[in-house]
Amino acid sequence: MFSFFKKEDSKQNVSDIDGLNKSQRKAVEFDGDHLLVLAGAGTGKTKTIISRANYLIKTGVAPNRIVILTFTKKASNEIVSRINSDSDSRNVSVIGSTFHSWCNSMISRYPNLFGTNSYTVIDSSDQVSLMKLICGNKNLIFEKTKIKPQKFIDILSYARNTKKNLTDSIKHIVFDNNIDEAVQKTIDKIKPKVEEILKSYQKKKKERKYLDYDDIIVIVAQRLNNDDDALRRISSTLSHLLIDEMQDTNPLQWDLIYPLSKLIKIYCVGDDAQSIYGFRGADFKNINEFNERLPNSSIIKLEDNYRSTQEILDVSNWLLSKSTFKYNKILKSITGNGDIPKLLGFDDTWEESRWIIDKVLENHQNGLKYKDHLVLSRSMFYTTTLQAVCIENKVPFVVFGGRSFMESAHIRDILSVLRIINNLDDEIAWMRFLTMWDGIGEVTASKFVETIYESDDLKSCIALVKNIQSPNSHFLSKTLNDAFDKISSLDKCIESIVNNLNNQLKRNYSEDWDQKRKGDVPVLISLSKSFKSVQEFLNEIVINNNFGNLEMKDGEKEKDCLIISTIHSAKGLEADSCFVLNVSPGSYPSSYSISSIENIEEERRVLYVALTRAKRKLYITRNMNSTFVNNNFIDEDYTESDLYFLHDIKKGLIDYQQIKASHTNYQDNDEANDFDESLGMDYN
DNA sequence: GAGTTTCGTATTTTT
DNA sequence: TACGAAACTC
């Protein structure tokens, strides 16, 4: 994978030939049933998983009987490629997937077990489209509470992932757990209506042969829990399940793991201080109660940090120590001492971004690579200025997180044709395909979709399509016909679709079809070449909804780029110099999350993850004019350091500097360097 | 009923 | 600022 993921292990306290320390080695050579490795940031978590896999293989376990589950495709690719590169002569590889993609492969491998001969995986935006069809495209208002289609999806997903009941899920999603008596009454009243809508959604999915992200896991988990035969059959293909980032797993995923634990060995690696996926139902009970839940299990702790200097760890440890939660974690640096991390104040985001890029350029001239720099942000949104400054200064960069390939409108247009061919009942695809043509709007399209539901082969659908009135009506049927004829070769098929759609797409995306969007077509085509069937292609592309893989194949991987990432996508990343953007009041914790202490704690862990990415230099930036400051929800129970994590950070831990604006004239920041005062700011 | 334009709002994190 | 909804024109 990208070379900047490679860890530098040279500094490790070598206690044996593999370069493992004592506890790592104990974890790697573990001989019991189930193990949880509690590994703090930078303590060699990934290394341990990789060495474990290699160790198992060395002791005679067939590689393809080892499944490694990770959270993102990126992490999975990295781990698998490192295992394979450690012993390149092997012809069978370990299996590395995300939870979703592993379950999906079960579903398609054993269609009889799951009752899924043909199905279409839908992503979040399709879920919302489907829900809109049910809600009649308007927000439902109950008792003055507005619930958008997206919210219904969120309620259902939260309930399924956390296994909570509907009332609790409504409380959490709609009212953010702020409950008083009036709210409780409202919930009691709206609950039956919500339930009805959710049921229609579930029913509609079934009719249209759709599986959403949650279904993929639910279906497999249910089967494993209720059908010993299925459990045995699936377990018989594996002997070890290795799970990365265990702290981010949720109760639903536990349902998947638990039944397997009866027949195969479960090996988990995680860190409760890095649990930052609470919004997806992550529950660190999966870690904290590991011992009670799995008999014959052990726990090994890794506490020596090989990544960062002690000064960086001091700030990180300090942040956790301010928490009301007990993480029982104090990282010790093996690397030694370095510079005190810097906290830099700016007047606006442009100053902030310019300063960072200046620093990157300066380091670059002094011999550091661009890829030794990692810029971390809470949200993708906040990095736009930085990206602009990169372009301005010709600094090459890659962005992790954010919009995916699949989410771009033109890609969805093109794929809608494939989706129709794959699944004639795919209502969302039909709507998309039909409404993209001039003269066909939602009303005409939905009328048509109703008639299509009667016919069960493509040819008769195409016959019906010919009746639709549109300036291009012969193109509509031609597109479908040609695509169907070429379906045996995916890349040719996509090529023909694009040829037929070309003029229409040109009209629909008049500003940037030729210059920008058209360029994605070859990418899509080359991506399709590695798939055998349309269904496999479509489902896989939704589940791993990025096309980062592809960029790598095209020789981009060795390119030296500055890395810009959201903190959530930065798990497992590290870099010599790290910049954490906009650590300002209102952003850490984010003012959207200060409705409960749990949310604030999660924000704290987000910042903790960010700080612990740095190896040698850590720059925390903030600007006090951040547009995110919002005191709407501020509750008198919170202390000032709950509302701004850096509020009372001490002098010795961090080096504070207010950077004067170099591009504007006013400089009246007398108090800027008044270092004896608290570094926090007033909110007014 | 389709398509365009304007206005207003809310603004995270991912499979 | 960017996206969605409502208002407006064809």
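Why does Lys 22 count as exposed? Lys 22 has 11 C-beta neighbours inside 10 Å, so it counts as exposed.

**View 1. Chain A as a whole, a predicted model with 28 helices and 19 strands.** This is a predicted model, where local features need pLDDT of at least 70, side-chain atom pairs count only at pLDDT 80 or more, and totals for chains, interfaces and linings use all residues. Residues are numbered from 1 along each chain as its sequence is written, while chains are lettered from A and ligands numbered from 1 in the order in which they are written. Helices (H or I, at least four residues) and strands (E, at least two) are DSSP runs, numbered from the N terminus. Of the 684 residues in chain A, 41% count as buried. A residue is buried if 20 or more other C-beta atoms lie within 10 Å of its own, exposed if 12 or fewer, and partly exposed in between, with C-beta atoms placed from the backbone. Now take the contacts in chain A with a separation of 6 or more: 77% of them come from residues 24 or more positions apart. (Two residues are in contact if their C-beta atoms, placed from the backbone, lie within 7 Å.)

**View 2. Lys 22 in helix 1.** Here's our opening residue again, sitting in helix 1, which covers residues 22–28. Find Leu 302 too: it is 280 residues away from Lys 22 along the chain, yet their C-alpha atoms are separated by 9.4 Å.

**View 3. Helix 2 against helix 3.** Helix 2 (residues 45–58) packs on helix 3 (residues 73–86) at an angle of about 50°, and their axes are 10 Å apart. Axes are lines fitted to C-alpha atoms, for helices over the stretch in contact, and angles run from 0 to 180 degrees between N-to-C directions. That angle makes helix 2 oblique to helix 3. For the cut-offs, angles under 35 degrees count as roughly parallel, over 145 as roughly antiparallel, 65 to 115 as roughly perpendicular and the rest as oblique. Helix 2 passes helix 3 in a right-handed crossing. A crossing is left-handed if the near helix is turned anticlockwise from the far one by less than a right angle, and right-handed if clockwise. Who touches whom? On the helix 2 side look for Thr 46, Ile 49, Ile 50, Ala 53 and Asn 54, and on the helix 3 side for Ile 79, Arg 82, Ile 83 and Asp 86. Sorted by class, this contact has 5 nonpolar, 2 polar and 2 charged residues. (Ala, Val, Leu, Ile, Met, Phe, Trp, Tyr, Cys and Pro count as nonpolar, Asp, Glu, Lys and Arg as charged, and the others, Gly among them, as polar.)

**View 4. Helix 18 crossing helix 25.** The axes of helix 18 (residues 409–422) and helix 25 (residues 534–543) come within 10 Å and cross at roughly 130°. These two helices are therefore oblique to each other, and helix 18 passes helix 25 in a left-handed crossing. Leu 415, Leu 418, Arg 419, Ile 421 and Asn 422 of helix 18 meet Val 534, Gln 535 and Leu 538 of helix 25. By class, the contact has 5 nonpolar, 2 polar and 1 charged residues.

View 5. Two strands pair if DSSP finds at least two bridges between them.

**View 6. Strand 16 and its partners, strand 14 and strand 15.** All 5 of the 5 residues of strand 16 are buried, so the strand is largely enclosed by the rest of the structure. Leu 562, Ile 564 and Thr 566 point one way, while Ile 563 and Ser 565 point the other way. Strand 14 (residues 373–377) pairs with strand 16 (residues 562–566) in the parallel sense over 4 bridges. In that pairing, Val 375 stands opposite Ile 564, and Ser 377 stands opposite Thr 566. Strand 15 is also parallel to strand 16, over 4 bridges, with Phe 400 as the bridge partner of Ser 565.

**View 7. Strand 13 beside strand 18 and strand 19.** Strand 13 (residues 342–346) is mostly covered, with 4 of its 5 residues buried. Its parallel pairing with strand 18 (residues 614–623) runs over 5 bridges, and Leu 343 faces Ile 620 there. Strand 19 (residues 655–658) is joined to strand 13 by 4 bridges, again parallel, and Lys 342 has Asp 655 as its bridge partner.
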